[in-house]
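Please open the structure in a viewer and keep the selection tool at hand.

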Amino acid sequence: VQLQASGGGLVQPGGSLSLSCAASGRVFSINIMGWYRQAPGKQRELVAAKSKSGSTDYVDSVKDRFTISRDNAKNTMNLQMNSLKPEDTAVYYCNARELLPSGLQKDYWGQGTLVTVSS
């Protein structure tokens, strides 16, 4: 599985930004797709994820501001980020979790894309 992320950039506080991720390769086995972020000096954290069946999960700090969407037919995923705050500044990573025949799971990562929220 290969992941290609796009989007990111510099935005003022209160602004909006959209991230996109396209998956290719053995995409039929992908169960969960999501976005993680890592701020300087902090651990990588899950921002939002969406399963193939449609269930979603968000970190509390982005609920009601970020929306994850996924197109299973096109193997793409978007993260719409509204009301951005300086604390949202981080490198954002696209993630795909593959469900293996053994029942184990394997993670794939896209290249990071920097989101900077600053005036």
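This is a predicted model: local features need pLDDT of at least 70, side-chain atom pairs count only at pLDDT 80 or more; totals for chains, interfaces and linings use all residues.

In general, strands of a sheet pair through backbone hydrogen bonds, either parallel or antiparallel.

**Second stop: the hairpin of strands 7 and 8**

Next, select strand 7 together with strand 8; six bridges join the two, which run antiparallel. They form a hairpin, with four residues between them. Within the turn, select Asn75, whose phi is positive, at about 55°. Asp71 has Thr76 of strand 8 as its bridge partner.

Now display the side chains of strand 7. Which residues make up its covered face, and which the uncovered one? Phe66, Ile68 and Arg70 belong to the covered face, whereas Thr67, Ser69 and Asp71 belong to the uncovered face.

Move to strand 3 (residues 17-24), which is joined to strand 8 (residues 76-81) by six bridges, the two running antiparallel. Select Cys21 here: opposite this residue, in strand 8, stands Met77.

A search of the whole structure finds one disulfide, and Cys21 and Cys94 form a disulfide with their sulfur atoms 1.8 Å apart. Cys21 lies in strand 3 and Cys94 in strand 9 (residues 90-99), so the pair ties together parts that are 73 residues apart in sequence. The torsion about the S-S bond is about -75°, so the disulfide is left-handed. Are these two cysteines buried or exposed? Cys21 counts as buried at 2% relative accessibility, and Cys94 is also buried, with a relative accessible area of 0%.

Select Tyr92, which is placed in strand 9. Tyr92 is buried, its relative accessible area being 0%. Leaving aside neighbours within four places in sequence, Tyr92 is in contact with several residues, among them Leu19, Trp35, Tyr36, Val47, Phe66, Leu79 and Met81. The contacts also include Gln111, Gly112, Thr113 and Val115. For a distance across the model, select Lys106 as well: Tyr92 and Lys106 are 14 residues apart in sequence and 19 Å apart in space, from C-alpha to C-alpha.

Finally, select Tyr36 and Trp109. The count of aromatic pairs comes to one. The ring centres of Tyr36 and Trp109 are 5.0 Å apart and the planes stand at 70°, so the pair is edge-to-face. Tyr36 lies in strand 4 (residues 30-38) and Trp109 in strand 10 (residues 105-109), so this pair ties together parts that are 73 residues apart in sequence. Tyr36 is buried, with a relative accessible area of 16%, whereas Trp109 counts as partly exposed at 37% relative accessibility.

Over the faces of which rings does Arg44 lie? Arg44 lies over the face of Tyr93, at 3.8 Å from the ring centre, and over the face of Trp109, at 4.6 Å from the ring centre.

Key. Residues are numbered from 1 along each chain as its sequence is written. Side-chain values use heavy atoms; hydrogens and water are left out. Rings of Phe, Tyr and Trp (its six-membered ring) pair if their centres lie within 6.5 Å; planes under 30 degrees apart count as stacked, over 60 as edge-to-face and the rest as tilted. Buried means under 20% relative accessible area, exposed over 50%, partly exposed in between (1.4 Å probe, protein chains only). A charge sits over a ring if NZ of Lys or CZ of Arg is within 6 Å of the ring centre and within 35 degrees of the ring normal. Two strands pair if DSSP finds at least two bridges between them. A disulfide is a pair of cysteine sulfur atoms within 2.5 Å. Contact means heavy atoms within 4.5 Å.
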